[in-house]
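Could you walk me through this protein as if I were seeing a structure for the first time?

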Amino acid sequence: NRALQLGLKHGAEERIMTSINGLGACSMNKNKYHEALHYFTKAFSYAEDDHDEAVIFNNMGSVYRELGEFDKANVNFTKAYEIYLKLNDKKSIASTYNNFGVLYIHWGKYDKALSYLNHALKINREFNMKRSIASQICNIGYLYSMKKEYRTALSYHEKALEIVREIGILDLSKFYNNIGSAYAEMGNNDIALNFYQKSLAVKKA
């Protein structure tokens with residue numbers, strides 16, 4: 001990795017941490033979770049401040065969540081949350097609340113998940129962070145799908161789609177797919193097919 005080599009050569013701690021973190025994120029995107037953990041753990045050596053460490057804890061929590069090691073994920077998200085709380089970094093607190101929410105959905109603890117997602121939503125509405133608002137609403141829709149409350153899920157997915165259209169996000173495939181899935185679960189296959197086709201068309205565009 002050229003960026004990492006340059007960082008090591010010039011002793012740029014922040015650049016090194018960012019590069020190693022990036023390698024971890026790439027590994028995670030390829031579902032190479034243990035490789036991602038290796039990089040994130042290594043990144044701690046180059047963290048310059050508490051905020052850097054919190055970012056790494058959040059990343060590690062996400063990896064452990066995908067590995068199904070929910071207790072370890074919870075520990076890492078909690079460490080990130082405590083740092084952000086000390087720094088009074090509300091936007092990052094909201095991001096960590098969202099991470100807790102997604103974790104508890106996977107864990108099957110839906111009431112706790114909904115509480116965290118609503119906390120995240122409240123903070124992001126204070127800052128008018130519409131992309132993040134759409135993400136939280138989407139996650140709440142996913143939660144209700146997991147609870148088999150498909151009409152409620154659909155209403156959240158439609159709201160998320162409305163927001164991302166409003167702010168000009170072009171890649172709507174995920175949002176169309178979520179709506180299609182809700183209709184399919186309710187037995188409205190023709191409507192579901194229409195949204196799946198829309199999702200596919202966006203991916204091919």
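Let's start with helix H9, which covers residues 150-166. Its 17 residues should span 24 Å at 1.5 Å a residue, and because its end C-alpha atoms are 24 Å apart, the two values agree. The expected span here is 1.5 Å times one less than the helix's number of residues. Helices (H or I, at least four residues) and strands (E, at least two) are DSSP runs, numbered from the N terminus.

Before going further, a word on where this comes from. This is a predicted model, in which local features need pLDDT of at least 70 and side-chain atom pairs count only at pLDDT 80 or more, while totals for chains, interfaces and linings use all residues. Residues are numbered from 1 along each chain as its sequence is written, and side-chain values use heavy atoms, with hydrogens and water left out.

Now zoom out for a moment. The protein has eleven helices and zero strands, and its C-alpha atoms fill a box of roughly 60 × 35 × 30 Å along the principal axes. Of its 205 residues, 41% count as buried. Buried means under 20% relative accessible area, exposed means over 50%, and partly exposed is in between, using a 1.4 Å probe and protein chains only. As for contacts (heavy atoms within 4.5 Å), residues 24 or more positions apart account for 44% of those with a separation of 6 or more.

Back to H9. Which of its residues are buried? They are Tyr150, Ala153, Leu154, His157, Ala160, Leu161, Ile163 and Val164. These buried residues pack against helix H8 (130-146) and helix H10 (173-185). For a look at the H10 side, take alanine 182, which is found in helix H10. Alanine 182 counts as buried because its relative accessibility is 1%. Leaving aside neighbours within four places in sequence, alanine 182 is in contact with Tyr150 and Leu154. Just after H9, glycine 168 takes a positive phi of about 85 degrees.

As for valine 164, it is in contact with Ala134, Ile169, Leu172 and Phe175, leaving aside neighbours within four places in sequence.

Asparagine 21, found in helix H2 (residues 13-29), counts as buried because its relative accessible area is 10%. Not counting residues up to four places away in sequence, asparagine 21 touches Phe40, Ala43, Val55, Ile56 and Asn59.

What about charges? Side chains of opposite charge can pair when their charged atoms come close. A salt bridge is a side-chain nitrogen of Lys or Arg within 4 Å of a carboxyl oxygen of Asp or Glu, and by this rule the count comes to six. One of them joins lysine 86 and aspartate 50, with the closest N and O atoms 2.8 Å apart. This pair links distant parts of the chain, 36 residues apart: lysine 86 is in helix H5 (residues 70-87) and aspartate 50 in helix H4 (residues 50-66). Lysine 86 counts as exposed because its relative accessibility is 60%, whereas aspartate 50, at 29%, is partly exposed.

Lysine 159 pairs with glutamate 162, the closest N and O atoms being 3.6 Å apart. Both lie in H9, three residues apart, about one turn of the helix. Lysine 159 is partly exposed at 37% relative accessible area, and glutamate 162 is partly exposed at 45%.

Finally, where does the largest pocket sit? Its lining has 15 residues, of which Cys138, Tyr142, Ser145, His157 and Asn178 lie nearest its centre. The elements that give two or more residues to this lining are helix H6 (90-107), H8, H9 and H10. On a 1 Å grid over the protein atoms alone, a pocket is an open set of points where a 1.4 Å probe fits, with protein on both sides within 12 Å along at least five of seven lines; lining residues have an atom within 4 Å of a point.
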